[in-house]
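Here are my notes for you on this protein model. Keep the picture open while you read, and find each stretch on it as we go.

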Amino acid sequence: MIGVAEKLAKGYDMVLSHEAVRELDSILIRKTYPKETVVLNLHEVCTDMYIVETGMVRQFYYKDGRDISEHFSCEGDVVFCIESLFLKEPTTLLMETIEPSVIYHLNYSQFQQLCDRYTDINRLYRRIVEQDLIVSQRKADSWRFESARERYERFCLEYPEAARRASVAHIATYLLMTPETLSRVRSGIL
């Protein structure tokens with residue numbers, strides 16, 4: 001049976017040594033969450049990276065009394081609040097399950113120690129961070145340069161599971177549009 005560390009590495013097209021897999025698996029903490037459970041709350045310091053085994057989570061923030069979806073993560077995804085994790089400062093993002101979920105917590109300090117000891121884990125870490133930065137850049141470019149229809153089409157193409165499983169309200173806020181606008185986009189009116 002393939003372990004979490006091996007699945008994680010495979011998701012980033014990598015193979016870890018047996019010793020690295022054993023060490024990484026040994027520091028993962030498995031937690032089960034019901035739907036609509038806050039995993040990381042506003043103003044907490046993010047000390048973990050989260051690996052979604054099953055279910056789906058979203059990161060969001062509050063603006064003008066509304067919650068705005070920042071990111072969706074499904075099976076195999078790694079989630080963290082980058083600024084809070086790196087700077088050890090309270091986060092402005094919250095993370096909640098939008099489905100019942102099994103999530104592995106990977107303590108960042110312990111992970112960094114493994115990165116120092118194993119070059120293959122260090123390469124995996126680099127790929128995780130690189131992928132996160134690419135996703136952030138693509139989203140920013142999409143918001144700046146694309147129409148509502150183009151943003152929705154890109155979202156469906158890049159995040160088909162989130163497009164299928166997240167609520168219309170959550171998707172609309174992610175795409176910076178109202179649910180009504182999203183409905184018009186989906187029906188082909190816009």
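1. Ground rules. What you have is a predicted model, in which local features need pLDDT of at least 70 and side-chain atom pairs count only at pLDDT 80 or more, while totals for chains, interfaces and linings use all residues. Residues are numbered from 1 along each chain as its sequence is written, and side-chain values use heavy atoms, with hydrogens and water left out.

2. Look for an open sheet of 4 strands in the order β1-β8-β3-β6, with antiparallel pairing. The edges are taken by β1 (28-33) and β6 (78-79), which have a single partner strand each, so one side of each is left without a neighbour in the sheet. Strands here are DSSP E runs of at least two residues, helices are H or I runs of at least four, and both are numbered from the N terminus. Two strands count as paired if DSSP finds at least two bridges between them. As background, strands of a sheet pair through backbone hydrogen bonds, either parallel or antiparallel.

3. Which strand does β1 join through 6 bridges? That is β8 (residues 101-107), and the two run antiparallel.

4. Another sheet. An open sheet of 4 strands also runs in the order β2-β7-β4-β5, again with antiparallel pairing. Its edge strands are β2 (38-40) and β5, each pairing on one side only. On average, neighbouring strands in this sheet are turned by 35° against each other, direction ignored.

5. Pairs inside that sheet. β2 and β7 (residues 94-97) run antiparallel and are joined by 2 bridges; leucine 40 stands opposite methionine 95 in β7. Strand β4 (residues 57-63) is joined to β5 by 7 bridges, also antiparallel, and glutamine 59 has histidine 71 in β5 as its bridge partner. The hairpin of β4 and β5 has 2 residues between the strands, and there aspartate 64 takes a positive phi near 55°.

6. The annotated stretch. The unreviewed UniProt entry marks residues 31-118 as "domain: Cyclic nucleotide-binding". UniProt positions are given in the numbering used here, feature names are shortened, and annotations may be inferred rather than shown by experiment. Over residues 31-118 the chain is 18% helix and 47% strand, with the end C-alpha atoms 26 Å apart.

7. The largest pocket. How much space lies in the largest pocket? About 510 Å³. Of its 20 lining residues, Tyr12, Asp77, Gln131, Val135 and Tyr159 are the closest to its centre. A pocket is an open set of points on a 1 Å grid over the protein atoms alone, with protein on both sides within 12 Å along at least five of seven lines; a cavity is a set of points where a 1.4 Å probe fits but cannot get out, and lining residues have an atom within 4 Å of a point. Grid points are joined across faces, edges and corners, and a volume is the space filled by probe spheres set on the points. β5 (66-73), α5 (119-145) and α7 (160-165) each supply at least two lining residues, and α5 gives the most, with 5.

8. The second largest pocket. This one has a volume of about 360 Å³. Glu70, Phe80, Cys81, Ile82 and Leu93 are the closest to its centre among 19 lining residues. Two or more of the lining residues come from each of β5, β6, α3 (82-87) and α5, and α5 again gives the most, with 4 residues.

9. The cavity. The count comes to 1 cavity of 30 Å³ or more, and about 100 Å³ of space lies in the largest cavity. Its lining includes Val135, Arg138, Trp143, Arg154 and Tyr174. α5 and α6 (148-158) each give two or more residues to this lining, with α5 giving the most, 5 residues.

Terms used. Axes fitted to C-alpha atoms, helices over the stretch in contact; angles between N-to-C directions.
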